[in-house]
Amino acid sequence: MRRLVLASAFVATAALALLGCQQSKGPAAVDAARLTAADSDPGNWMSQGRTYSEQRFSPLDKINTGNAGNLGLAWSYELATNRGVETTPIVVDGVMYVTSSWSLVYALNAKTGQPLWKYDPQVPRETGFKACCDVVNRGVAVWKGRVYVATLDGRLVALDARTGQPVWSVVTVDQSKPYTITMAPRIIRGKVMVGNSGSEYGVRGYMSAYDTDSGKLIWRFYTVPGDPSKGFENKAMEMAAKTWTGDWWKYGGGGSPWDPVSYDPESNLLYFGTGNGLPWDQKTRSPGGGDNLFLSSIIAVDADTGAYKWHYQTTPGESWDFDSTQTLTLADLTIDGQPRKVIMQANKNGYLYVIDRLTGKLISARNFVPVTWAKGVDPATGRPIEIGDPRYTKAPATIFPSSFGAHNWQPMAFSPKTGFVYVPAQEIPGAYGTDDKFAFDPGQWNTAVDTKLNSLPPDPKARAAMKNSMRGELIAWDPVAGKEVWRAENKGPWNGGVLTTAGGLVFQGTADGHLNAYDAANGKRVWSSETYTATLAGPMTYTVDGEQYVAVGAGFGSVFYLVAGFAAPKQGNPDNGRILVYKLGGAAHLPPPNLTKIEMPQPPPATASPKLVATGHQAYNHYCLVCHGYNAISGGVIPDLRYSPLIGNQEAFDSVVLGGARKDQGMVSFARVLKAEDTQAIRAYIISEANGAYAEEHAPAAKGLGK
Ligand code: CA
């Protein structure tokens, strides 16, 4: 008996020692060997797309098509902020690292959701004014006991994974310029890679690599050339400058690489995509035309040095906000009987590209949704074949897709088991025309495109028709055959990113507040759960103690609901975002939403002249639209101006718009660019829209649109 007790004690001690040994490894113990071998460690999800290939495929199969119907909530965690949630959780050894809007970082127990620490970088709220697309953040990178986050105001911060305390912090942008960062950094061989956003406002884009230990800058690759009179940083910039005309550098040029990064360890090539031109209208940006490298391109550089290797420009002479910043997925495919190492992207411009990732040569490009600006991509040149006058040279043009993209930041996935990519696709038209009154104003919305063209028609039926013309669908696409395999219709555009698994499943959240699971082979929906709020982020999956979990970030926000509030599926000020985690047999209860309908107060009488209202419309679209939405219809991300008591009183209105009384909530003073006569016109326009909406709401048999 005594021997037995002793033996048990020994086993217990040994177990403790083993546990101690594992713990001494510490949290976020990820290194190059571990990341490269991520496929043999499928219970952890150690980087954004799980592996360097960014396939967002998990080899886990305990949750599968046979049992997914039994999924239930394991736990949920309420984030501290109520703007958009675009984070993909990272899970390493039982700890989850996520971000919320305003670049907050959280470490959670991945089994229970218990918080371990929280880091708030205290982003000044007026930074929100520089952000085109909500104050979102897409997640962290982890490396050797540290957690790395890029903040909205352009810092890169290394945190101690045990405590969440900063170890170092560097400013990666000129903070006097309208740069922001929303992307998750990526770590490759001891370097942390981060790009930036701001190509609607007045920046020159670049990708940087910092030393993970010290925060020292190792290399920087500009995506567009600067002022030629100052010389070029490298041969690539010299080459790129030959494709521009005019004084583009005075605007900044754009091309910000604001989201995806992938990496091929074999060739040591790092891939990233670049954003649109600044301004959008090429006639203003580069009056003599040209391709304007490296706008709207996929770029490969040496991961160690940042030296240019190749580029593929998806949209030469970009004029529509067709960023090339969608997921860059690496895969090995057999095409025409040959093994090919490819990089794939379902581009904003409507084409799904399959490219040789070693050479940058096009293999195929097919449209995955209806495209009206081009009739195809020339396989010989790799260039789109434009049709009609999509560059709005003679008259405004309405085309599919629009600046919202046929596919945007919501990540797509690739399953090596089915061989299909799964694309969160959408069909939203966009009207483009030159803004004849354009004058560059650094820090403002500088697209040189007349935004009034996308304002809603006054007639409620026409408005409803416009809303109903927008579609969203999850598309399974065979990249070898270049064709659609199946599609699942969503209830409108702007739905969630995608995860696919060896359990034969595809997970996608939706704008209308669901997380769905489909059979990856045929698109049959096998499970659906209500999340009560827009669920747009990329889902992921992991294990703790042998049990498989599926996690997703949910939270109302992001650019579509800011700009196109009329098309938002839900109204009312949003609740805080949440991390939702599911497992087989999960039974936790998700708190019900707090979406009480806010009655529209009777607006002040619309007494202003039509001329003043028209002037106000113009100014509103230039200065207010990007956050407050077309026709002053808020999607509920930020307060709806038509409901605001401020519109009842010019003095109160000006105290905010000119006086900056709410700058701590992100509403900066516009005194630099607006005068009292402008704000009177803007207020008159909002009152006019409010009266229209109020009348519609109170009309007999009203079918409310927007509110
Ligand atoms: Ca853009």
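**Charged pairs and a calcium site**

Lys341 counts as partly exposed, at 26% relative accessibility. The model it belongs to is predicted. A search of the whole structure finds 36 salt bridges, and a calcium ion is held by protein donors.

- Lys341 forms a salt bridge with Asp332, with 3.9 Å between the closest N and O atoms.
- Asp332 is exposed, because its relative accessibility is 54% and the cut-off for exposed is over 50%.
- Asp247 and Lys250 also meet through their side chains in a salt bridge, at 3.0 Å from N to O.
- Asp247 is partly exposed at 37% relative accessibility, whereas Lys250 is exposed at 54%.

**A salt bridge between buried residues**
- The side chains of Glu689 and Arg463 form a salt bridge of 3.6 Å, N to O.
- This pair links distant parts of the chain, 226 residues apart: Glu689 is in helix α10 (residues 676-698) and Arg463 in helix α5 (residues 460-468).
- Glu689 is buried at 12% relative accessibility, and Arg463 is buried at 11%.
- One network, joined by salt bridges that share partners, contains Glu427, Arg471, Glu473, Glu484, Arg487 and Glu489.

**The calcium site**
- The protein donors of the calcium ion come from Glu200, Asn276, Asp321 and Asp323, and lie 2.3 to 2.7 Å from the ion.
- Glu200 lies in the loop between β12 (191-194) and β13 (206-211), and Asn276 in the loop between β16 (269-273) and α4 (282-285), so the pair ties together parts 76 residues apart in sequence.
- Glu200 is buried at 7% relative accessibility, and Asn276 is buried at 0%.

Notes. Residues numbered from 1 in each chain as written. Predicted model: local features only at pLDDT ≥ 70, side-chain atom pairs only at ≥ 80, totals over all residues. Heavy atoms only, no water. Donors = N, O, S within 2.8 Å, 3.2 Å for Na, K, Ca; no water. Helix = DSSP H or I, 4+ residues; strand = E, 2+ residues; numbered from the N terminus. Buried < 20%, exposed > 50% of the residue type's maximum accessible area, 1.4 Å probe, protein only. Salt bridge = Lys/Arg side-chain N within 4 Å of Asp/Glu carboxyl O.
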